[in-house]
Amino acid sequence: SNGCTASTPGCLMPATAAGINGALLRNSGTQENFIYTNPQFGTANWVSNRAHSNYHSMQAQATLRPTHGLNFQLSYTWSRNLGDQGQITNQFNRAADYGLLASDRTHNIASYGSYTLPLGAKGYLLRNASKPVQRVVEGWQISWTNAWMSGPPASVTDVNTMWAGTAVDQVLPFDRKGGQVTWDPGAFSGRYYGTQFQQVFDPQCSSSAVASTLQPFCNSSLHALALASDATKIVLQHARPGVPGNFQTNSLIGFGTWQFDAALSKNVTIMEGKSFNLRVDVMNVLNHPNVSGAAGTSYDFRNYSISQPTFDLNSTNPFGFVGSKSGHRVISAKLRFSF
């Protein structure tokens, strides 16, 4: 012993061999009585509140109160959601796991409103028409909802290593926000990065780095991302064993979503206390498809789930593969009698 104790400032405790009781505490510099037994308990759990997050946003809203039959509300949120990403790389350096959370959405725009068509006796058009014509054309109202949200953060996945989170190294410049969904005419699936990249064997599996007897096993597990024009120009690759990668978790931005729905309705009063309501709803008015990363799970479904493109370096699908698209236009009509 050198006279040190775990509580002595600036004093390094001698290393204790693995397998000896107390080695974990002594080698980590923790006090000897940090963990102690109590005969009242069969097991003891250590629960702490060490994670944290920070959410900041700018919110703006514009409202038009009913004016000449028109009213609407438009809201915009610009936000940033940061925090511990749930994967502990180093207990003594939690800042290494601090970054963009998967729940972050940078931009969010939503609006809704309605407009009473200026037809009939109280409108600008057909106000001098016959009574039957006025009864048919008056009172029609258009309403709508619109939502647009930017894409969520995503990570490049690879073979698990001793480090939590990503173990990917960026070698050449890579535009982390440069993805765009493209589809060949009539294609079932699409791509997020087009044909910019190709999958190659990871340089760590080269004959100069791995024994020839192990090279086939390495090539079957580790792949890298290279430029489509030159397979020797590696863009993303696995980090070396025991070394954290420089490509941070959730540093990619996936595709966003957009939805525009509308309705056309009219009330017809028959007599006091009795009326008809005719309504036509159109979901996804512009027949705009939303994309889903999962292959074939929601192709052309009315209800669908949004998932990210394939960002796995070792996937059999191309990097940025988009599995399917969903969300066709749906029209429904309703007639209600109130009494």
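Predicted model: local features only at pLDDT ≥ 70, side-chain atom pairs only at ≥ 80, totals over all residues.
Of the 339 residues in this chain, 29% are buried. The chain is built from three helices and 18 strands. Its accessible surface amounts to about 21,500 Å², and carbon and sulfur atoms account for 57% of that area. Turning to contacts with a separation of 6 or more, 67% of them join residues 24 or more positions apart.

Where does Phe319 lie? Its place is the loop between β15 and β16, the latter spanning 321-322. Phe319 counts as buried because its relative accessibility is 9%, and the cut-off for that class is under 20%. Setting aside neighbours within four places in sequence, the contacts of Phe319 include Val156, Phe174, Tyr193, Leu225 and Leu236. Thr310, Phe311, Asp312 and Leu313 are also in contact with Phe319. As for Thr195, 124 residues separate it from Phe319 in sequence, while the C-alpha to C-alpha distance is 9.3 Å.

I now move to the second largest pocket. Its volume is about 460 Å³, and 27 residues line it. Which residues lie nearest the centre of this pocket? They are Ser150, Gly151, Ile253, Gly254 and Gly256. Two or more lining residues come from each of β2 (70-84), β3 (98-100), β13 (257-271) and β15 (290-292).

Note on methods
Residues numbered from 1 in each chain as written. Heavy atoms only, no water. Helix = DSSP H or I, 4+ residues; strand = E, 2+ residues; numbered from the N terminus. Buried < 20%, exposed > 50% of the residue type's maximum accessible area, 1.4 Å probe, protein only. Contact = heavy atoms within 4.5 Å. Areas by Shrake-Rupley, 256 points an atom, 1.4 Å probe, with all protein chains shown as cover. 1 Å grid on protein atoms, 1.4 Å probe; cavity = no way out; pocket = protein on both sides within 12 Å on 5 of 7 lines; lining within 4 Å. Points joined across faces, edges and corners; volume = space filled by probe spheres on them.
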